[in-house]
Amino acid sequence: MNYHQYYSIDVVNGPGTRCTLFVAGCEHQCHGCYNKSTWRINSGQPFTQEIEDQIIADLQDNRIKRQGLSLSGGDPLHPHSIPVILKLVRRVKTECPGKDIWLWTGYLLDSLNEAQQEIVSYINVLVDGKFVQTLYDPGLLWRGSHNQIIHKLR
């Protein structure tokens, strides 16, 4: 898996102070997407064990109170990213107790395949649905268009 950006301190992509990872690869390619550079799975840079370890260390660092991890993109549930994202969310749940995980995807919750559902079983909040330009509303919290749903899973 590749990724485009990792922010160890982020206050925009979910509640509180968070770590945020933008992965590469998106099959949806929504018209009006603000992050088109992340669509290709081979764009960005390789997600390494060092980056994964850094995310865990940042979430465990008590000098800055981080609420959790946000996964965006691209699309973290892109088939190419599934093994790496699954490993990451398992580690966060095991090694960073009390931290929540938010994930944004263009796939719909009720249409996820088994591998995608396994990832979702580890996260706290899923924001699903493709971005629809005609339903765009800059006043929406944590989503870009009215069709996107915020699912609080646990």
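Start with strands β1 and β2 of this predicted model: the two pair in the antiparallel sense over five bridges. Select D10 to find one of the facing positions, where D10 stands opposite R18 in β2.

N2 marks a position here, standing opposite P46 in β3.

Next, select the loop between β2 (18-23) and β3 (45-46), where W39 lies. Is W39 buried or exposed? W39 has a relative accessible area of 18%, under the 20% cut-off, and therefore counts as buried. Show its surroundings: leaving aside residues up to four places away in sequence, W39 touches G25, C26, Q29, C30 and C33. Then pick G73, 34 residues from W39 along the chain; the C-alpha atoms of W39 and G73 are separated by 8.0 Å.

Now move to the helices. Select α1 (residues 49-60) together with α2 (residues 82-95), which pack at an angle of about 30° with their axes 11 Å apart. Angles under 35 degrees count as roughly parallel, and α1 and α2 are therefore roughly parallel to each other. Viewed as a pair, α1 passes α2 in a right-handed crossing.

Which residues in α1 and α2 meet? Show side chains for Q49, E52, D53, I55, I56, L59 and Q60 in α1, and for K87, L88, R91, V92 and E95 in α2. Coloured by residue class, the contact of α1 with α2 divides into five nonpolar, two polar and five charged residues.

Terms used. Residues numbered from 1 in each chain as written. Predicted model: local features only at pLDDT ≥ 70, side-chain atom pairs only at ≥ 80, totals over all residues. Heavy atoms only, no water. Axes fitted to C-alpha atoms, helices over the stretch in contact; angles between N-to-C directions. Helix = DSSP H or I, 4+ residues; strand = E, 2+ residues; numbered from the N terminus. Parallel < 35°, antiparallel > 145°, perpendicular 65-115°, else oblique. Left-handed = near helix turned anticlockwise from the far one by under 90°. Contact = heavy atoms within 4.5 Å. Nonpolar A, V, L, I, M, F, W, Y, C, P; charged D, E, K, R; others polar. Buried < 20%, exposed > 50% of the residue type's maximum accessible area, 1.4 Å probe, protein only. Pairing = 2+ DSSP bridges.
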